[in-house]
Amino acid sequence: MEIKKNPKSNLENYSKIFMQIGLVLALFITFVAIEKKTYDKTIGDLGVVNMNALMEEDIPITERVIPETPKAPPPPAPEKIEIVEDEKEVEETIIESTETDETVAVVVEEIVEIAEVEEVVEDVSFMIIEDVPVFPGCSGNKQELKDCFSRMVQKHFTRKFDAELPNELGLSSGKKKVFIGFKIDRNGNIVDVNARAPHPKIKDEVIKVMKLLPKMKPGKQRGKPVGVKYSIPFTLLVE
């Protein structure tokens, strides 16, 4: 015979009630914990420190040694004074007068003037010179004179250089660079011509052509004529 359980004694029927009671208790405990007041702890008096209770340190007594000052040397003994009788002659020192006699001519030695040493100004680059050298026929401001100078040098090179020389030397076809440098001295003459070329004969031809440049008006630095260095590249087309 099967035993039947009373439905009222089944706890599963009260599970929702138990859950609600648990939630209420949990909320109540949380509320109480939040509302609980706390106070800062106070520390009692630590007492009064007695400074007299500190140990006294024995300070050794030291004796100050005063250095002895050296005694000043005794004053020198005065010179012995001789007493001379009135009848005895005494040689007196004669002091010559520095005044000149107007009747006596004074000879003044010739003063040699020291020549001023001329300030030596070194050569200056064409790019930074104050007053640029002037190619004959050029005029204008500083920049215009620079542009005209470069243009006239290129024109001179194109007219005087033997254009058939690179082809006669059997060089490979293409563009060949030639670098030229020279100096316009203080008198406006072209000096110190040098070149770098792909062949020695081309180099000699370039130097010969650049030495044919006309005389320039020299450049100036701080108002004085100076040597001006100039360099320019050229391109040769070899067919």
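This is a predicted model: local features need pLDDT of at least 70, side-chain atom pairs count only at pLDDT 80 or more; totals for chains, interfaces and linings use all residues.

Analyst: Residues are numbered from 1 along each chain as its sequence is written, and side-chain values use heavy atoms, with hydrogens and water left out.

User: Where is Met210 found, and is it buried or exposed?

Analyst: Met210 is found in helix α4, residues 200-210; helices (H or I, at least four residues) and strands (E, at least two) are DSSP runs, numbered from the N terminus. Met210 has 0% relative accessibility and counts as buried, where buried means under 20% relative accessible area, exposed over 50% and partly exposed in between, with a 1.4 Å probe and protein chains only.

User: Switching topic, how many aromatic pairs are there?

Analyst: The count comes to seven aromatic pairs, under the rule that rings of Phe, Tyr and Trp (its six-membered ring) pair if their centres lie within 6.5 Å, with planes under 30 degrees apart counted as stacked, over 60 as edge-to-face and the rest as tilted. In one of them, the rings of Phe126 and Tyr230 have centres 4.9 Å apart and planes at 80 degrees, so this pair is edge-to-face.

User: Which parts does that pair tie together?

Analyst: Phe126 lies in the loop between β1 (124-125) and α2 (142-160), whereas Tyr230 is in strand β6 (residues 228-238), so the pair ties together parts that are 104 residues apart in sequence. Both Phe126 and Tyr230 are buried.

User: And what about Phe135 and Phe149?

Analyst: Phe135 and Phe149 also form an edge-to-face aromatic pair, at 6.1 Å centre to centre and with 80 degrees between the planes. Phe135 is buried at a relative accessible area of 5%, and Phe149 is buried at 0%.

User: Which residues form the aromatic cluster?

Analyst: One aromatic cluster is formed by Phe126, Phe135, Phe149, Phe182 and Tyr230.

User: Last one: how do β2 and β3 run, and how many bridges join them?

Analyst: Strands β2 (residues 174-184) and β3 (residues 190-196) run antiparallel and are joined by five bridges; two strands pair if DSSP finds at least two bridges between them. They form a hairpin with five residues between them, and Gly188 in the turn has a positive phi of about 90 degrees.
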